[in-house]
Amino acid sequence: MANTDVDTLNSFLRGELSAVETYRQASKHIKSPVALTEVEACLKDHESRVEAIKERISKLGGQPAESSGLWGTFAKAVQGGADLLGEKIAIDALEQGEDHGLADYNRDIDKLHGAERTFARSTLLPAQKQTHGKLSHLKKNPNFH
């Protein structure tokens, strides 16, 4: 059971690492103060989740993933293309990443057991929903366009 939990948490960790990489890349290309403030807040949210998940994996005796893996490579390519097309496209790409992250949590959260499932349901999923909401709100902000 612990190995399954470690595997699932590592899957979540790789997604969060990918988000951190993508947000860091995007933040270099965003000029709007409104957008940059929100993007930096989302980056911090993902960095916090990275640390929380690493801690849980270590407590279970597992080895936290060190990279985002294939999803990170794909996310960087998508974001790199979005950066060339401007802020709005970059924000759209970030929101798509948030959609993917939310879907991952919803799909895999029940693979966890006991305290790890509680942690994911009470900490990770609500935080992911909040970050997703920030990006959705940013897209709708008339001061951004």
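Trainee: Which residues of H5 are buried?

Mentor: The buried ones are Glu116, Phe119, Ala120, Leu124, Leu125, Gln128, Thr131, His132, Leu135, Ser136 and Leu138. Buried means under 20% relative accessible area, with exposed over 50% and partly exposed in between (1.4 Å probe, protein chains only). Helices here are DSSP runs of H or I, at least four residues, numbered from the N terminus.

Trainee: And where do these coordinates come from?

Mentor: This is a predicted model, where local features need pLDDT of at least 70 and side-chain atom pairs count only at pLDDT 80 or more, while totals for chains, interfaces and linings use all residues. Residues are numbered from 1 along each chain as its sequence is written, and side-chain values use heavy atoms, leaving out hydrogens and water.

Trainee: Ok, back to H5. Where is its kink centred?

Mentor: On Ala120, with a bend of about 35°. That's the angle between axes fitted to the seven residues ending there and the seven starting there.

Trainee: What span should H5 have?

Mentor: Its 27 residues should span 39 Å at 1.5 Å a residue, and the end C-alpha atoms are 38 Å apart, which agrees. The expected span is 1.5 Å times one less than the number of residues.

Trainee: New topic: at what angle do H2 and H5 cross?

Mentor: Roughly 170°, with the axes of H2 (residues 33-59) and H5 (residues 114-140) coming within 10 Å. That makes H2 roughly antiparallel to H5. Axes are lines fitted to C-alpha atoms, for helices over the stretch in contact, and angles run from 0 to 180 degrees between N-to-C directions. Under 35 degrees counts as roughly parallel, over 145 as roughly antiparallel, 65 to 115 as roughly perpendicular and the rest as oblique.

Trainee: How do the residues of that contact divide?

Mentor: Into 12 nonpolar, 3 polar and 6 charged. Ala, Val, Leu, Ile, Met, Phe, Trp, Tyr, Cys and Pro count as nonpolar, Asp, Glu, Lys and Arg as charged, and the others, Gly among them, as polar.

Trainee: What does His46 touch?

Mentor: His46 lies in H2, and its partners include Tyr23, Glu98, Gln128 and Thr131, not counting residues up to four places away in sequence. Contact means heavy atoms within 4.5 Å. His46 is buried, at 2% relative accessible area.

Trainee: And Tyr23, buried or exposed?

Mentor: Buried, with a relative accessible area of 2%. Tyr23 lies in H1 (residues 2-27), and the residues it touches include His46, Leu94, Thr131 and Leu135, again leaving out those up to four places away in sequence.

Note on methods: Helices (H or I, at least four residues) and strands (E, at least two) are DSSP runs, numbered from the N terminus.
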